[in-house]
Amino acid sequence: MSAYLNIVLDNTKFKLALSAACRKLRNKKFDAIAVTGNSGTLFGGALALKLKKRVILVRKPGVDSHGTELEILFETVDSYIFVDDFIDSGATIKRVISTITSKDENMQLVGAYLYRDKTFVPKNELAYYTSK
């Protein structure tokens with residue numbers, strides 16, 4: 001099994017990671033959860049249901065799945081968090097932020113939740129990845 005799918009395809013690990021995320025994020029203020037890729041979409045979608053938040057799906061470049069690069073159903077989304085397993089080079093989060101900002105520059109990133117490490121990283125600690 002691919003390491004990046006380990007948490008989302010193991011039911012026990014998935015439930016534990018989802019519970020940890022709900023505890024960590026319950027007092028954070030945001031309207032939506034931005035996700036990309038397979039594992040991010042699986043985890044972020046389930047987390048959005050639990051927290052009663054909207055989902056922003058940012059497709060990877062070159063993925064043609066009968067939609068556009070940004071899929072979101074909303075009337076108003078003022079703020080969002082990015083959910084993924086981890087941040088390595090920062091290319092993924094930078095692409096997600098850029099895609100969202102290109103569609104709505106008023107939508108504000110609050111931070112990132114990294115479910116592999118059960119860590120919330122506030123926007124100010126993501127400065128390298130969020131700067132234009």
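Predicted model: local features only at pLDDT ≥ 70, side-chain atom pairs only at ≥ 80, totals over all residues.

Student: What makes S1 and S4 a pair?

Tutor: Strands pair if there are at least two bridges between them. S1 and strand S4 (residues 79-84) have three bridges, and they run in the parallel sense.

Student: And how do you know that S1 and S2 pair?

Tutor: By the cut-off of at least two bridges again: S1 and strand S2 (residues 54-58) pair over four bridges, also in the parallel sense. In S2, leucine 57 is the bridge partner of valine 35. From S1 the chain goes through H3 to S2, and this β-α-β crossover is right-handed.

Student: What makes that crossover right-handed?

Tutor: Picture the strands pointing away from you: a path from the first strand over the helix to the second that runs clockwise is right-handed. The crossover from S1 through H3 to S2 is of that kind.

Student: Which way do the side chains of S1 point?

Tutor: Ala32 and Ala34 point one way from strand S1 (residues 32-35), while Ile33 and Val35 point the other way. That is the pattern of a regular strand, where side chains alternate between the two faces of the sheet. All four of these S1 residues are buried.

Student: Now the rings. How many aromatic pairs are there?

Tutor: The structure has two aromatic pairs. In one of them, the ring centres of phenylalanine 14 and phenylalanine 43 are 5.7 Å apart.

Student: Why is the pair of phenylalanine 14 and phenylalanine 43 called edge-to-face?

Tutor: Ring centres have to lie within 6.5 Å, and planes over 60 degrees apart count as edge-to-face. Here the centres are 5.7 Å apart and the planes are at 70°, so the pair is edge-to-face.

Student: What does this pair tie together?

Tutor: Phenylalanine 14 is in helix H2 (residues 11-25) and phenylalanine 43 is in helix H3 (residues 37-51), so the pair ties together parts that are 29 residues apart in sequence. Both phenylalanine 14 and phenylalanine 43 are buried.

Student: Why is the pair of phenylalanine 43 and tyrosine 115 called stacked?

Tutor: For stacking, the planes must be under 30 degrees apart. These two rings have their planes at 20° and their centres 4.2 Å apart, so the pair is stacked. The pair links distant parts of the chain: phenylalanine 43 is in helix H3 and tyrosine 115 is in the loop between strand S5 (108-114) and strand S6 (119-122), 72 residues apart. Together, Phe14, Phe43 and Tyr115 make up one aromatic cluster.

Student: How do you know whether tyrosine 115 is buried or exposed?

Tutor: Buried means under 20% relative accessible area. Tyrosine 115 has 1% relative accessibility, so it counts as buried. Phenylalanine 43, at 0%, is buried too.

Student: What about serine 39?

Tutor: Serine 39 is in helix H3. Its relative accessible area is 5%, so serine 39 is buried. Serine 39 and aspartate 84 are 45 residues apart in sequence, yet 7.5 Å apart in space, C-alpha to C-alpha.

Student: What makes arginine 116 and aspartate 117 a salt bridge?

Tutor: A side-chain nitrogen has to be within 4 Å of a carboxyl oxygen. Arginine 116 and aspartate 117 meet at 3.8 Å, N to O. The structure holds one salt bridge.

Student: Why are arginine 116 and aspartate 117 called partly exposed?

Tutor: Partly exposed lies between the buried limit of 20% and the exposed limit of 50%. Arginine 116 has a relative accessible area of 45%, so it is partly exposed. Aspartate 117, at 44%, is partly exposed as well.

Student: Where does the charged end of arginine 116 sit?

Tutor: Over the ring of phenylalanine 86, 4.3 Å from its centre. Likewise, the charged end of lysine 53 sits over the ring of phenylalanine 30, 4.6 Å from its centre.

Student: Last one: why is lysine 52 called exposed?

Tutor: Exposed means over 50%. Lysine 52 has a relative accessible area of 76%, so it is exposed. Lysine 52 lies in the loop between H3 and S2, and it has a positive phi of about 60° although it is not a glycine.

Note on methods. Residues numbered from 1 in each chain as written. Heavy atoms only, no water. Phe/Tyr/Trp six-rings, centres within 6.5 Å; stacked < 30°, edge-to-face > 60°. Helix = DSSP H or I, 4+ residues; strand = E, 2+ residues; numbered from the N terminus. Buried < 20%, exposed > 50% of the residue type's maximum accessible area, 1.4 Å probe, protein only. Lys NZ or Arg CZ within 6 Å of the ring centre and 35° of its normal.
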